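This report goes through a few features of the structure shown below.

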Number of protein chains: 2
Amino acid sequence: MDLGLGFDEKDYLSCCGSTQFAKEMASASPFPSYNHAVSVARHIWFNTVDVNGWLQAFSAHPSIGQTRAPSHASQTSAQWSKGEQSTALATATGSSLQELAEWNAGYMQKFGFVFLICASGRSTESILAELKKRYTNRPIVEFEIAAQEQMKITELRLSKLFTSKENTLSTTDM
Amino acid sequence: MDLGLGFDEKDYLSCCGSTQFAKEMASASPFPSYNHAVSVARHIWFNTVDVNGWLQAFSAHPSIGQTRAPSHASQTSAQWSKGEQSTALATATGSSLQELAEWNAGYMQKFGFVFLICASGRSTESILAELKKRYTNRPIVEFEIAAQEQMKITELRLSKLFTSKENTLSTTDM
């Protein structure tokens, strides 16, 4: 029986929508622990995935405030996006969602990719304030910030993946 | 008679292959001087052109050591590339060109865009040494260096454009 924590390319693609990232994570699998997997994931994302791969990963996210994921995003990724935005959606009013939609469109127009933020636990107000602040950045600066936010999201999602497997393993062990 | 130094979108596209850059330069034309044009060009390139625009501009360059430009590059851009690489081509031997071609291919494989360097006056040896050094960079670091090299190339090409117009103007004035 395989006690290592390993998943296939499709699972890793749900954590981060870069095919290069998913392939390299699957090749490095299985991992002795979640922490080990995160450390490998950080290395792959920041040192080997190229800028086209970053853009590919960004394009797998829905706009903040929208629950509809891009058609090429996986079902797991779409469900996770919805969960990550649950605080934002619960604190949203009609007018704040409208304002968020307008700023998101402006952001996409300026930077050429979706506004990315690790939304877990954040209110709509706090997300909007961050969007307005980041909107003033130069494109290359914002590109790097978005990549750091993507890594935070990836870590949260890897944690969900690993928790589910650990649960399965301990249930099987009993 | 128009004494200002202005050119159309096509001219600016030969200096830098980002359509956004060319459009914004054409809108800001004519310029009172070459220095003024360079200052506007730097602002547009580093502050308003997004990362997709940077990739578009990079893709208009031939690989260093190759005189064949990408099919979508303009004729002027292709001619200028050839001129900028004249020192490199004059100092090249069969084996150094072969080594350059191999490193270029490896660079493209790692970073997803062509190795960009302001080649004017540089020998093949010096270009190859720089390529090997830059190859070790993280993708995002290399992306920003490439953008700085693109700006140097753009400045040289704007200077050619403006010199040709100034010559025409003074000839007409005589």
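A:Trp103 is partly exposed, with a relative accessible area of 29%; buried means under 20%, exposed over 50% and partly exposed in between (1.4 Å probe, protein chains only). This is a predicted model, in which local features need pLDDT of at least 70, side-chain atom pairs count only at pLDDT 80 or more, and totals for chains, interfaces and linings use all residues. Residues are numbered from 1 along each chain as written, chains are lettered from A and ligands numbered from 1 in the order written, and side-chain values use heavy atoms, without hydrogens and water.

Over all chains there are 35 aromatic pairs. Rings of Phe, Tyr and Trp (its six-membered ring) pair if their centres lie within 6.5 Å; planes under 30 degrees apart count as stacked, over 60 as edge-to-face and the rest as tilted. Two of the pairs are listed here.

| Pair | Centre distance | Plane angle | Type |
|---|---|---|---|
| A:Tyr12 and A:Phe31 | 6.5 Å | 85 degrees | edge-to-face |
| A:Trp103 and A:Tyr135 | 5.6 Å | 90 degrees | edge-to-face |

A:Tyr12 is buried, at 0% relative accessible area, and A:Phe31 is buried too, at 2%. A:Tyr135 is partly exposed at 28%.

Chain A can be laid on chain B by a turn of 180 degrees and a shift of 0.0 Å along the axis, with an RMSD of 0.0 Å; copies are superposed by least squares on C-alpha atoms of residues with pLDDT of at least 70 in both. This is the relation of a two-fold axis.
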